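I set out to look up how the chains are built and where they meet. My entries follow the structure shown below.

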Amino acid sequence: MTVVFFQVTLGLYFLGTVAFLICLVRRSEALSKIALGLAGLGFLTHTVALALQLWSGDELKWVTFQKALSFFSWSLVLVFLGAAIRQHLQVLGSFILPLAFLSLVSTAILPAEAPVLHPMFQGVWVHVTLSMLGTVGFAVAFVAGLMYLMQERLLKSKQFNVLSFKLPPLDFLDRLNQQSILLGFPFLTLGILTGAISAQITLGAYLSWNPEQIWALITWGFYLIVLMGRVTVGWRAKKAAYLTIVGFAGVLLTFLGVILKSSGASVS
Amino acid sequence: MHIITVGLSHKTAPVELRELLVVPDSRMGEALSRLRTYPGVKEGMLLQTCNRVEVYAVVDQVESGFSAIQEFLVDSHLSLSAEQLLPHLYWHSGERTISHLFRVTASLDSMVVGEPQILGQVKEAFRLALTHNTSGIILNKLVKKAISVGKRVRTETRIAENAVSVSYAAVELAKKVFGYLSARTVMLVGAGEMAKLAAQHLVNHGVRQVLLTTRDPGRARTVANRFQGLPIPFEEFRGDMAKADIVICSTGASHYLITAEDVQRAIRERKNRPIFLIDVSVPRNIDPAVRDVDNAFLFDIDDLEMHVEQNREERRAESVKAEAIANEEVDVIQKWLQSLVATPTIVALRKRVEEIKQAELEKALNRLCTLSDQDRETVEGLASGIVNKLIHGSLVALKSAAQSSNGSIYIDAARRFYDLDMSENAQGGDSRSSTPPRFSDQAKLNPSPDQVEVSPSVNPKISHESKK
């Protein structure tokens with residue numbers, strides 16, 4: 001049953017992604033409503049799928065990387081729907097929904113479910129949830145940075161097309177960038193702390209210098225510097241946009257680290 | 001009943017003539033009431049903007065209605081002769097009047113297609129007509145529909161979306177960078193006309209502070225006063241550039257006043273906050289190399305004009321959609337109007353059969369004086385039943401035929417079959433049969449001296465159909 005819901009969600013996210021991408025280059029109120037409807041419907045089936053999984057109880061809550069990614073995708077769509085309904089930021093969908101779709105697809109492509117951490121420790125889901133929420137913040141910052149660079153390029157080259165009309169003003173994107181990092185950062189900090197504690201409980205050491213932990217720490221430090229840089233030397237606007245895009249690459253490498261570690265762990 | 005319009009607009013008359021025809025606000029009541037006194041004029045509304053003067057009226061006969069309105073326009077101003085006025089007028093009746101009003105309200109007939117003020121001006125004209133009781137059932141429905149068409153066109157098409165003037169384009173582009181302009185500061189370097197206009201638009205959009213510099217300190221103070229701005233010495237403006245989010249340059253200098261280094265320094269001081277520069281001077285005063293500075297956005301007069309031209313192109317494309325909306329709504333009103341045509345006949349028909357029924361019932365009941373109350377009710381019910389069933393088909397046919405093109409044939413037939421004209425005439429109640437007086441062409445256009453003269457000055461309250 002859960003699988004069916006996931007597949008329906010995947011289908012809806014895919015259609016939503018296509019619709020939102022077309023919305024970027026074509027002006028159509030109807031299409032934009034359809035796209036939002038698809039995302040909303042996908043979010044509902046996704047919620048049902050996650051709830052079913054949670055209550056089935058046959059597995060530990062978020063402890064597999066697949067489930068974590070699925071939760072990440074769900075939170076992204078939640079954030080987008082909130083922004084679209086409350087702030088009329090429909091255009092975010094053209095960037096966030098593809099990201100949500102890709103992360104959900106990767107759960108299906110990735111090798112068979114392997115636990116992130118030793119299942120003996122029941123509280124591990126707290127670590128995963130917090131880290132994922134932090135990642136959602138960075139993903140939104142990444143999207144804002146991407147949109148900033150696109151809008152900046154369009155303004156510099158004096159191209160006034162549908163895309164430049166739809167993208168929000170630069171100042172707004174810069175603030176969205178900053179606020180998303182500000183929201184994501186505390187979650188990641190707590191995620192790393194709880195991760196260290198779980199490592200201490202299950203493996204007997206806070207830090208075992210595996211690729212996942214190293215990249216997590218590098219990412220954390222990087223975003224800390226980005227935040228400090230904005231306040232002290234004015235790393236904002238275009239620079240901030242570039243930095244958050246690079247930072248998100250760090251996040252993706254952390255994910256890669258998790259996959260490598262899980263495959264290693266499942267062997268041991 | 002016919003709907004007609006007579007008027008002139010920027011398309012048919014020069015401004016010198018248009019301004020002569022404008023009736024000042026203080027005279028509107030009198031003018032509207034006078035409009036109703038012309039023979040055959042049942043309802044009237046006077047729409048005036050600086051680009052048009054139009055009278056919409058409901059009249060008995062189209063031809064005499066045209067003459068009456070024409071006469072009204074000439075009478076409204078003594079120094080204007082019929083010969084001067086006639087070549088500039090246009091006349092519409094029926095469906096074309098409806099379509100014209102819808103197009104006007106949707107700003108499709110405006111000098112700048114998509115301009116926002118005409119809708120308010122139509123609303124005001126309608127309000128005045130209501131206040132002075134010159135708008136009745138037909139104009140009420142028509143003008144309300146026109147206003148809704150105007151709104152629909154604005155929400156469903158992008159006809160009024162983008163700037164079509166260079167000075168307004170500056171605001172639009174500034175918004176692309178800053179979003180809200182409320183906490184922003186703008187610096188004017190030089191005080192050319194276009195720069196002042198752009199600054200005014202920016203202030204209207206909430207810009208917080210205006211800094212101003214010109215070579216002549218006295219002039220700087222004068223212009224600064226206009227925007228409640230702060231004059232700064234010309235020699236020092238580069239140092240203050242970091243305070244400005246928007247810089248508008250329009251001096252007569254023949255060299256670059258602002259270089260890439262100046263902008264770079266300002267942006268450094270602003271901790272990389274973007275700066276938006278507009279150069280409307282020719283020759284240019286801002287070094288084009290500024291384009292390559294990060295977080296600086298430079299637009300010169302050509303860029304702005306290109307932007308405006310694109311927007312105009314888009315408005316033209318959108319006006320096709322707007323025309324379609326207006327046409328669609330014309331049909332709706334047309335059907336309603338046609339259904340109105342049948343109403344007097346339907347009323348007369350009901351009245352006629354009711355009279356026959358009552359008369360026959362009276363005769364019969366007088367003879368049947370032994371009937372109980374219950375029996376009387378049965379007989380009355382029988383009569384009503386027969387009559388209602390007999391005319392039901394005719395009423396339905398009339399109602400539906402009224403909305404088709406051959407409605408008048410049905411109405412005419414019904415009036416003859418049921419002898420309605422005869423019976424109404426017998427009662428002396430037929431307004432249809434009275435022919436409105438006709439005017440001889442010359443006599444009607446010579447204003448009589450006792451008619452009120454309307455001041456030739458343009459009403460200052462009538463704002464321009466804006467060039468937004």
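**Entry on the model.** I note at the outset that this model is predicted.

**Entry on chain A.** I looked up the secondary structure of chain A and found 9 helices and 0 strands. Read from the N terminus, the elements of chain A run α-α-α-α-α-α-α-α-α. I then turned to burial: chain A has 268 residues, of which 44% count as buried. For the contacts in chain A with a separation of 6 or more, I recorded that 79% join residues 24 or more positions apart.

**Entry on the cores.** I next looked up the largest nonpolar core, which holds 118 residues. The residues that touch the most other members are A:Leu76, B:Ala174, B:Val186, B:Leu188, B:Val247, B:Ile248 and B:Leu277. Helix H5 of chain A, residues 124-156, gives this core its largest share, 17 residues. I also found a second, separate core of 55 residues, with B:Tyr38, B:Ala146, B:Val153 and B:Ile333 among them.

**Entry on B:Val186.** Which residues does B:Val186 contact, leaving aside its neighbours within four places in sequence? I listed B:Ala199, B:Leu202, B:Val207 and B:Val210, together with B:Ala244, B:Ile246 and B:Ile248.

**Entry on the contact between the chains.** I looked up how much each chain supplies: chain A gives 13 residues and chain B gives 17 residues. On the side of chain B that touches chain A, helix H8 (166-178) and helix H13 (301-367) each supply at least two residues.

Methods
Residues are numbered from 1 along each chain as its sequence is written. Chains are lettered from A and ligands numbered from 1 in the order in which they are written. This is a predicted model: local features need pLDDT of at least 70, side-chain atom pairs count only at pLDDT 80 or more; totals for chains, interfaces and linings use all residues. Helices (H or I, at least four residues) and strands (E, at least two) are DSSP runs, numbered from the N terminus. A residue is buried if 20 or more other C-beta atoms lie within 10 Å of its own, exposed if 12 or fewer, and partly exposed in between; C-beta atoms are placed from the backbone. Two residues are in contact if their C-beta atoms, placed from the backbone, lie within 7 Å. A nonpolar core is a set of buried Ala, Val, Leu, Ile, Met, Phe, Trp, Tyr and Cys residues joined through C-beta atoms within 7 Å.
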